[in-house]
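Welcome to a short tour of one protein model. Have a look at the chain first, and then we will walk through it step by step.

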Amino acid sequence: HPQALKQCSEWLRSRGIEPIDAYDTAGSVKNLASGTDLPKGCTPENTCAIASDLAAETYGCEVRHSSIEDDDSNFTRFLLLSRRGVTKTDCEGVKCKTSVVFTLEETPGA
């Protein structure tokens with residue numbers, strides 16, 4: 001994912017790693033684990049994915065390096081939306097910035 005690559009750009013550059021954008025980080029791990037839908041020239045043997053430990057565990061992959069972000073105070077949180085109430089999580093006392101991004105089709109009434 002472009003954002004994950006930007007957050008780790010110095011680490012990648014310092015090792016001479018050529019980044020390739022993908023749609024999402026966990027999906028990249030899934031594709032890598034199955035060996036399907038990989039970019040041209042990429043194989044499970046010569047390719048790694050930047051993703052969470054949970055993605056590696058879910059798809060049976062090995063975590064090769066941890067904490068590769070350029071700024072260790074920069075991380076992603078997810079916002080839960082529901083028609084019913086969502087219980088409060090363990091964000092007490094944590095400064096948060098929230099961005100909500102979505103797209104709509106360019107049709108009347110969208």
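## Cysteines without a bond

Let us begin with sulfur. A disulfide is a covalent bond between the sulfur atoms of two cysteines. Here the term is used for a pair of cysteine sulfur atoms within 2.5 Å, and by that rule the count is zero disulfides. Take Cys-48: its sulfur lies 9.6 Å from the closest cysteine sulfur, the one in Cys-61, and that is too far for a bond.

Is Cys-48 buried or exposed? With a relative accessible area of 62%, Cys-48 is exposed, whereas Cys-42, at 17%, is buried. These words have cut-offs: buried is under 20% relative accessible area, exposed is over 50%, and partly exposed is in between (1.4 Å probe, protein chains only).

## How to read this model

The model is predicted, so local features need a pLDDT of at least 70 and side-chain atom pairs count only at pLDDT 80 or more, while totals for chains, interfaces and linings use all residues. Residues are numbered from 1 along each chain as its sequence is written, and side-chain values use heavy atoms, leaving out hydrogens and water.

## The chain as a whole

The protein chain has four helices and zero strands, giving the order α-α-α-α from the N terminus on. Helices (H or I, at least four residues) and strands (E, at least two) are DSSP runs, numbered from the N terminus.

Of the chain's 110 residues, 14% count as buried. The chain exposes about 9,700 Å², and carbon and sulfur atoms supply 50% of that area; such areas come from the Shrake-Rupley method with a 1.4 Å probe, and for residues only the protein chains shown count as cover. Among contacts (heavy atoms within 4.5 Å) between residues at least 6 apart in sequence, 43% join residues at least 24 apart.

## The nonpolar core

Which residues make up the largest nonpolar core? Five do: Leu-5, Cys-8, Trp-11, Leu-12 and Ile-68. A nonpolar core is a set of buried Ala, Val, Leu, Ile, Met, Phe, Trp, Tyr and Cys residues joined through side-chain atoms within 4.5 Å. Leaving aside residues up to four places away in sequence, Leu-5 touches Leu-12, Pro-19, Ile-20, Asp-21 and Ile-50.

## A closer look at helix α3

Helix α3 covers residues 25–34, and Gly-27, Ser-28, Val-29 and Leu-32 are buried in it. What covers these buried residues includes α4 (53–58). Ser-28 has a relative accessibility of 18%, so Ser-28 counts as buried. Not counting residues up to four places away in sequence, Ser-28 touches Ala-22 and Ala-49.

At the start of α3, a side-chain oxygen of Asp-24 comes within 3.5 Å of the backbone nitrogen of Ala-26. Just after α3, Gly-35 adopts a positive phi of about 75°.

## Two salt bridges

A salt bridge is a side-chain nitrogen of Lys or Arg within 4 Å of a carboxyl oxygen of Asp or Glu, and the count by this rule is two. One joins the side chains of Glu-10 and Arg-13 (2.4 Å, N to O). Both residues lie in helix α2 (residues 9–14), three residues apart, which is about one turn of the helix. An α-helix has 3.6 residues a turn, so residues three or four places apart point the same way. Glu-10 is partly exposed at 47% relative accessibility, and Arg-13 is exposed at 53%.

A salt bridge also links the side chains of Arg-64 and Glu-62 (3.9 Å, N to O). Arg-64 and Glu-62 are both exposed.

Key. A polar contact is a pair of N or O atoms within 3.5 Å; within protein, one must be able to donate a hydrogen and the other to accept it, and residues adjacent in sequence count only if both atoms are side-chain atoms.
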